[in-house]
Amino acid sequence: MVFCLENEEPRLPLRSAMVHLQASEVQQLLHNKFVVILGDSIQRAVYKDLVLLLQRDSLLTAAQLKAKGELSFEQDQLVAGGQLGELHNGTQYREVRQFCSGSGHHLVRFYFLTRVYSEYLEGVLEELTYGPAPDLVIINSCLWDLSRYGRCSMESYRENLERVFVRMDQVLPDSCLLVWNMAMPLGERVTGGFLLPEMLHFLTQLQPLAGSLRRDVVEGNFYSATLAGDHCFDVLDLHFHFRHAVQHRHRDGVHWDQHAHRHLSHLLLTHVADAWGVELPKRDYPSGQPFPPHEFFNYNSTEDFSMSSHLGCGPGVNFVPGPLPPPVPGPIPHGQHRGPVVHRGMPRCAPNSPYHVPRMGGPCRQRLRHSDRLIHTNKLDRQPPAHSGTWPG
């Protein structure tokens, strides 16, 4: 994660902070991996871009990004919901998709969520408990939580965040990497399909209310990232990474174009590779690419989401690919094919994060076992609270 101070000059991302990955390298990184993606339409686009990138080096089309609930997308399959049920924008909308590569070495599944924790999510966790264990879980839920569940939505969101992280900690194996994708920045006018008609009217007509939802997203991001760090889960700050890429956001103020989603995929996969101790190839963006690092971002002072340090933002942390220790010798597991791009080693992490991440600087990325967490939580309960629990105004 990277954060900037309120008075800090806007700066471009370092070229070393992200790697441009080809389809063959993504196939190798996710070889024999089961990836589960949970969330709203933004996360569905994350799923779609990953499925496409596992097959070839091309971008999603505008029609593919807009479509929802289709029976098939790029050789995947609609498992439940969507066109198999009823297409609507209600909180009971369901959509489950799954992609299995022709080789059988890549499995990616998507669950549409309208709330970060619910009875439906418990059913999903039950499936993950009795089915194959996931190697990677990518999750986010924010906009629906903050706009569709009443006046106390923020309080409910914070409670549900704690519930979902506790349940994930109980259900997922220690070897599973969970990445919490922070919500991306909203536009000044929001007309996404997740909004109720009456709320859509207010947000499109009254600028202060639209600004309120944008600030709620920042607040929700702070709480979600803090709780994810407390549970030793990974956090990818998409709000930071895309705060100056507003030219790639759609007119609805919520969704993003195919160039943004490929950029997102590269950020996500670079983070995953770092977490797994995989050294990725170093290369510059090829000429002709639609979003080289120096052109992808376009700073606009009216879209500056930087927060002052007393709100929890300050000089942060970023995963920077760099030299790794030599790979640990040993037999290659059955069915695994280690190619020249994969070098196992220690994960790297630059210090100084505004969020408390207990494992930072440690030699491994394994979470505490649930029994150890209960002991740890009991010790924390005896300490005086470090924060009042309210968001500074």
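How many cavities of 30 Å³ or more does the structure hold? The structure holds six of them. The model is predicted, so that local features require pLDDT of at least 70 and side-chain atom pairs count only at pLDDT 80 or more, whereas totals for chains, interfaces and linings use all residues. Residues are numbered from 1 along each chain as its sequence is written, and side-chain values use heavy atoms, with hydrogens and water left out.

View 1. A cavity is a set of points, on a 1 Å grid over the protein atoms alone, where a 1.4 Å probe fits but cannot get out, and lining residues have an atom within 4 Å of a point. Grid points are joined across faces, edges and corners, and the volume is the space filled by probe spheres set on the points. Fifteen residues line the second largest cavity, and Ile42, Asn140, Leu143, Ala183 and Met184 lie nearest its centre. By class, the lining of this cavity comprises eleven nonpolar residues, three polar and one charged. In this scheme Ala, Val, Leu, Ile, Met, Phe, Trp, Tyr, Cys and Pro count as nonpolar, Asp, Glu, Lys and Arg as charged, and the others, Gly among them, as polar.

View 2. Helix α10 covers residues 258-275; helices (H or I, at least four residues) and strands (E, at least two) are DSSP runs, numbered from the N terminus. The 18 residues of α10 should span 26 Å at 1.5 Å a residue, and its end C-alpha atoms are 26 Å apart, which agrees. The expected span is 1.5 Å times one less than the number of residues in the helix. Because 17 of its 18 residues are buried, α10 is largely enclosed by the rest of the structure. Buried means under 20% relative accessible area, exposed over 50%, and partly exposed in between (1.4 Å probe, protein chains only). At the start of α10, a side-chain oxygen of Asp257 comes to within 3.1 Å of the backbone nitrogen of His259. After α10 comes Gly277, with a positive phi near 70 degrees.

**View 3. Helix α6 and its buried residues.** Helix α6 has 19 residues and reaches 26 Å from its first C-alpha to its last, close to the 27 Å expected at 1.5 Å a residue. Its buried residues include Ser153, Met154, Tyr157, Asn160, Val164, Met168 and Val171. Leu161, placed in α6 (residues 153-171), is buried, with a relative accessible area of 0%.

View 4. Ala228 is placed in helix α8 and counts as buried at 0% relative accessibility. The C-alpha atoms of Ala225 and Met182, 43 residues apart along the chain, are separated by 7.2 Å.

**View 5. Two loop residues with positive phi.** Most residues other than glycine have a negative phi. Glu74, which is not a glycine, has a positive phi of about 45 degrees. Glu74 lies in the loop between α3 (62-66) and β2 (77-81), and is buried with a relative accessible area of 17%. Cys232 likewise has a positive phi, near 65 degrees, and is found in the loop between α8 (207-230) and β7 (234-236). Cys232 is buried, with a relative accessible area of 7%.

View 6. Arg44 is placed in helix α2 (residues 41-53) and is buried, with a relative accessible area of 6%. The side chain of Arg44 makes a polar contact with the side chain of Glu95 at 2.7 Å. A polar contact is a pair of N or O atoms within 3.5 Å; within protein, one must be able to donate a hydrogen and the other to accept it, and residues adjacent in sequence count only if both atoms are side-chain atoms. Phe34 is placed in strand β1 (residues 33-39) and counts as buried at 4% relative accessibility. Phe34 and Val137 are 103 residues apart in sequence and 8.6 Å apart in space, C-alpha to C-alpha.

Key: 1 Å grid on protein atoms, 1.4 Å probe; cavity = no way out; pocket = protein on both sides within 12 Å on 5 of 7 lines; lining within 4 Å.
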